[in-house]
Amino acid sequence: MYKVKEMNMNGKQAILLVEDDEIDIRSVQRSFGELRVTNPLVVTHNGEEALEYLKNEKNKLPGLILLDLRMPRMNGQEFLEVIKKDDKLKIIPVVVLTTSKEDEDKIDSFNLGVAGYMMKPVNYKDFVEVIRTIKMYWTLSESP
C-alpha cells in the first residue's frame, strides 16, 4: 500500500516516488529534508501501487514522478507504458531515477516520454546532488 510522507502540506503538489528499495526511499526522504523540499512525498513500491494511487479520485495528481525501473510486480517500463497511454496521466513529468546503465533502458524510457534519466549514485553525498539537480530543474521549469 502506498503511503504519504508529509514533508509540509503547504498547498504544494506532491511528488510520487515509485521505488522498492527501502534504503533508496530513505535516501530520497533524507535528501528532501536536507534540501528543504517542502512538497509532500508519496511513496509507492512498484508500478501497480503507483497506478492505484494515481487512479484513486481522492488523490490529487502529483507534480512529478520519480521512477525506478527495476521493481517487482510491475516494473518502471511497464508503468510508463500504461501512464503514457492515459490522457489524464501522461502530462505528469517523469524522471527515471535508477541504477540501470543499459542504453536500451535509456532509449526505451525517452521513447516513452520521460523528462529525464538520472543514475542513482551509491554515495549519499552524490545522491543528494542528483536530487538537488532534479529540484533545481523543476523549480525553474514551467509547466502547462
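Arg73 is exposed, with a relative accessible area of 58%, where exposed stands for over 50% relative accessible area, buried for under 20% and partly exposed for values in between, computed with a 1.4 Å probe and protein chains only. The model is a predicted one, in which local features need pLDDT of at least 70 and side-chain atom pairs count only at pLDDT 80 or more, whereas totals for chains, interfaces and linings use all residues. Residues are numbered from 1 along each chain as its sequence is written, and side-chain values rest on heavy atoms, with hydrogens and water left out.

Arg73 is found in the loop between strand 4 and helix 3; helices (H or I, at least four residues) and strands (E, at least two) are DSSP runs numbered from the N terminus. Its phi is near 65°, a positive value in a residue other than glycine. Most residues other than glycine have a negative phi. Arg36, which is not a glycine either, has a positive phi of about 60°; Arg36 sits in the loop between helix 1 and strand 3 and counts as exposed at 68% relative accessibility.

The side chain of Arg73 also takes part in a salt bridge with Glu48, the closest N and O atoms being 2.8 Å apart, a salt bridge being a side-chain nitrogen of Lys or Arg within 4 Å of a carboxyl oxygen of Asp or Glu. This pair links distant parts of the chain, with Glu48 in helix 2 and Arg73 in the loop between strand 4 and helix 3, 25 residues apart. Glu48 is partly exposed, at a relative accessible area of 35%.

Taken as a whole, the protein has 5 helices and 6 strands, and from the N terminus on its elements run β-β-α-β-α-β-α-β-α-β-α. Of its 144 residues, 45% count as buried. Of the contacts (heavy atoms within 4.5 Å) with a separation of 6 or more, 70% are accounted for by residues 24 or more positions apart.

Which members of the largest nonpolar core touch the most other members? Of its 22 residues, they are Leu16, Leu54, Ile65, Leu67, Phe79 and Ile83, where a nonpolar core is a set of buried Ala, Val, Leu, Ile, Met, Phe, Trp, Tyr and Cys residues joined through side-chain atoms within 4.5 Å. Strand 2, helix 2, strand 4, helix 3 and strand 5 (94-98) each supply at least two residues of this core, and the largest share, 4 residues, comes from helix 2. Leaving out residues up to four places away in sequence, Leu16 touches Val42, Thr44, Ala50, Tyr53, Leu54, Pro62, Leu64, Ile65 and Leu66. A second, separate core of 18 residues includes Val28, Val95, Phe127 and Val130.

Lys120 and Asp24 meet in a salt bridge of 2.8 Å, N to O; because Lys120 lies in the loop between strand 6 (116-119) and helix 5 (124-140) and Asp24 in helix 1 (residues 22-34), the pair ties together parts that are 96 residues apart in sequence. Both Lys120 and Asp24 are buried.

Asp68 forms a further salt bridge with Lys120, the closest N and O atoms being 3.6 Å apart, and this pair again links distant parts of the chain, with Asp68 in the loop between strand 4 and helix 3 and Lys120 in the loop between strand 6 and helix 5, 52 residues apart. Asp68 counts as buried at 3% relative accessibility, and Lys120 counts as buried at 9%. Salt bridges that share partners join Glu19, Asp24, Asp68 and Lys120 into one network.

Asp68 has other partners too: a polar contact of 3.3 Å joins its side chain to that of Thr98, a polar contact being a pair of N or O atoms within 3.5 Å of which, within protein, one must be able to donate a hydrogen and the other to accept it, with residues adjacent in sequence counting only if both atoms are side-chain atoms. Leaving aside neighbours within four places in sequence, Asp68 is in contact with Val18, Glu19, Asp20, Gly76, Leu97, Thr98 and Lys120.
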